[in-house]
Amino acid sequence: MNIVGIDLGTTNSLISVFTDDGPELIPNALGDFLTPSAVGLSGKGQVLVGQAAKDRLVTHPQLTQSRFKRYMGTNWGQKLGRKHYRAEDLSALVLGSLKADAEAHLGAPVERAIISVPAYFNDVQRKATMAAGQIAGLKVERLINEPTAAALAYGLNDKDGESTFLVVDLGGGTFDVSILEMFDGVMEVRASAGDAFLGGEDFTDVVTKHFAEKLDVNLDKFSAKKAAMLRDLADQAKAKLSSEHEVSFKFIDDKSNEQTLSLTRNKFEELTEGLLKKLRHPIQRAVMDAGLRAENIDQVVLVGGATRMPVVRSLIARMFKTFPVHNINPDHVIAMGAAVQAGLVSRHSALDDIVMTDVCPFTLGTEVAIEIARGQHENGHFQPIIERNTVIPVSRSVRNATIHKGQTQLNLRIFQGEAPRVNNNVFLGQVNVSIPKNNKEHEAVDIRFTYDVSGVLEVLVEVLSTKEVSRLVIEGNPGALTKSEIDARFKELDKLKVHPRDETVNVAFTARLAKAYENHLGDTRAEIQHMITVFEAVLARQNKHEITETREEIEPHLKAFEDRSIF
Ligand code: AMP
C-alpha cells in the first residue's frame with residue numbers, strides 16, 4: 001500500500017511518492033506538480049479546488065479562499081455559499097484533491113500520508129493538520145517538519161558526507177529556519193526557529209501598498225475586484241524582479257484610466273528592508289540555539305518560492321559568506337523530502353541505511369509555584385522539562401517537593417510553550433497525585449517526561465516515599481496510535497528512562513575520572529577536578545548528544561593522564 005508525501009503549503013501544495021527510483025512528484029489532473037492551495041465555489045455551488053479556484057480569486061473574491069494555512073487551529077472561519085468552513089476544512093478539500101490525483105496516477109487507492117508542517121507549528125496547529133487529513137480520508141502516519149523534509153531531500157544526495165545544513169524556507173506565508181547535522185547517514189535536527197506570520201506574501205503586500213500609493217488610491221475604498229487585480233500585479237512584479245532589474249505594467253484603475261506602474265530592484269530592496277530585518281532574527285536564533293557560529297555552516301539550502309528573490313539570497317550570502325545551494329527546485333524540495341519520509345515509514349529497502357532523528361519543536365514542562373516571600377508561594381510559573389530543540393525521542397526528569405507540609409494532593413498541570421507564565425502557554429493535561437500526609441517534611445516527587453517521535457508525551461510522577469507512580473499519556477495526535485501501540489512504544493523507550501548519570505558508559509567514565517584524580521597530585525589533579533566538574537554539569541543537563549560530545553572531548557586528555565599515572 002502506497003504512503004504518499006504531501007507538502008501542504010500556504011500558496012501551493014504537492015503530493016509525492018517514494019518509488020524504486022527515489023522520490024517522485026505526482027502531477028495533478030492539469031499535468032502540474034503544484035496545486036494552488038485555493039478553494040472556491042462555482043456559480044452552481046460546486047466546490048472548486050486548485051487552479052480553477054485560484055483563477056476565480058480575482059473575479060469572485062467572495063466565493064474563493066486561499067492562504068488559509070496561517071489560520072490552522074484557530075477559530076477563524078469563512079462562509080462560502082451557505083456553508084461555514086474552518087481552515088482545516090479548506091485544507092481537507094485541498095488534501096482530498098491531491099489524494100484523487102495520486103489515486104488516478106498510481107491506479108490504486110491512497111489512504112496513508114506523511115504531511116509536512118512548519119517546524120514552528122504548535123500542538124494545536126499540528127492537531128488541526130492531522131484533522132484536515134482525517135476529514136480528507138487519509139490516515140496521517142506522521143507529520144514531518146518542513147525543513148527536516150528539505151534536508152532529507154538533499155541529505156540523500158550526500159549520504160556519506162558529514163555536513164551541517166542551514167535550511168531556510170520562505171514560503172508564501174511561513175518562514176522556517178533549521179540547523180541539521182548529517183553524519184554517518186544520520187540526520188539530526190539541532191535547532192529550529194521561525195515566524196509563522198512571515199512569508200513571500202508579505203513582500204507582495206508591501207509592493208501592493210507601494211503601487212496603491214503611486215496610484216493615489218485608498219486600498220480599503222478600492223473595489224474588492226480592483227484590489228485583487230492590483231495585488232495580482234504586485235505579485236507578478238515581485239516574481240519578475242527575481243530575474244529582471246526593472247518591471248513595468250499597465251493598470252486600468254477604478255475610473256477606467258490606464259496607468260503605468262513600474263518598479264526597480266533597488267526600490268524593491270528599499271521597500272522590503274523591514275521584512276529582511278525580520279528574516280535575520282530567526283536565522284540568528286537557530287544558529288545560536290544549535291551552539292554554532294555562522295562559519296560552522298557548510299551548506300545553506302533554500303526552500304520555498306520566495307527564496308528566489310535575490311534580496312533574500314544576498315542577505316543569506318552576506319550572513320554566511322557562502323552561496324546557498326538550490327539544485328532541487330525550491331518549490332519541490334519539501335514534497336520530495338516528504339516522499340523520502342514516506343519511504344522510511346514504509347521501510348523501503350533503498351532507504352535502509354538512512355536513519356533520522358528529529359527535535360521537539362517547543363518546550364514541554366509543568367506548572368510550579370515559586371516562593372515570593374517566606375512561606376508565601378505564587379502559582380502559575382512554568383518549569384521547562386524538555387526544552388525546545390531537544391533531539392527526540394527523549395526522556396528527562398526533575399525532582400520537585402510539595403509546597404506545604406501535610407499536603408495530601410498534588411495537581412500537576414502540564415504545558416507546552418515558551419512563556420515564563422503557564423497562562424500564556426498551551427495547556428496539555430493534568431495529573432492528580434495522592435501524597436501521604438507528612439506534617440514534618442516536604443514530600444519529594446520525581447516527574448519524568450518522555451516524548452516520542454510520534455508526538456506522544458508520557459508523564460510519570462513518582463512519590464519517592466511510597467514509590468507510587470501516576471501516569472498520564474498526552475497524544476499530540478489522538479487516535480493515530482492504539483493504546484497498546486503507545487504502550488509498546490514507551491516500553492521500547494524504557495532504556496531512555498534512566499538518568500544519564502546511571503548509564504553504564506557514564507558510570508564507567510566517571511569512575512575512570514575518579515581513579516585518575518586519586519592517582520595524581522598537584523596541578524594535574526586540579527585539571528582532572530575541572531574535567532569532573534564539567535562532566536557532572538553536562539550530565540545534569542541530561543542532553544545525550546552533549547554528553548557524548550563532552551566524553552569524546554575529555555577522553556584523549558584523560559587517556560594521557562592515565563598513561564602517565566604516577567602509581
Ligand atoms: P511557497 O509557499 O513555497 O509555494 O511559496 C510561494 C511564495 O513564493 C509566494 O509568495 C510567491 O509569490 C513567491 N514566489 C514564487 N516564485 C517567485 C519568484 N520567482 N520570485 C519571488 N517570489 C516568488
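A polar contact is a pair of N or O atoms within 3.5 Å; within protein, one must be able to donate a hydrogen and the other to accept it, and residues adjacent in sequence count only if both atoms are side-chain atoms. The structure is a predicted model, in which local features need pLDDT of at least 70 and side-chain atom pairs count only at pLDDT 80 or more, while totals for chains, interfaces and linings use all residues. Residues are numbered from 1 along each chain as its sequence is written, and side-chain values use heavy atoms, with hydrogens and water left out.

**The ligand**

| Residue | Part of the residue | Distance to a ligand oxygen atom |
|---|---|---|
| G172 | polar backbone atom | 2.8 Å |
| A306 | backbone N or O atom | 3.0 Å |
| D235 | side-chain N or O atom | 3.2 Å |

On its own the ligand has 500 Å² of accessible area, of which the protein covers 84% (Shrake-Rupley method, 1.4 Å probe). The ligand is surrounded by 15 residues, each with a heavy atom within 4 Å of it. G172, E201, K238, S242 and A306 are the closest. By class, the shell around the ligand holds 3 nonpolar, 8 polar and 4 charged residues, with Gly counted as polar and Asp, Glu, Lys and Arg as charged. Helix α6 supplies the largest share of this shell, 3 residues; helices are DSSP runs (H or I) of at least four residues and strands (E) of at least two, numbered from the N terminus. Domain 1 (3-198 + 275-360) and domain 2 (200-273) each contribute at least three residues to the shell, the bounds coming from an automatic or database domain assignment.

**A hairpin and a salt bridge**

Strands β8 (residues 77-80) and β9 (residues 83-86) run antiparallel and are joined by 4 bridges; two strands pair if DSSP finds at least two bridges between them. L80 has K83 in β9 as its bridge partner. The two strands form a hairpin with 2 residues between them, and G81 in the turn has a positive phi of about 60°.

The structure contains 28 salt bridges (a side-chain nitrogen of Lys or Arg within 4 Å of a carboxyl oxygen of Asp or Glu). One of them joins K99 to E103, with the closest N and O atoms 3.2 Å apart. K99 and E103 are separated by about one helical turn because they lie 4 residues apart in helix α2 (residues 87-106).
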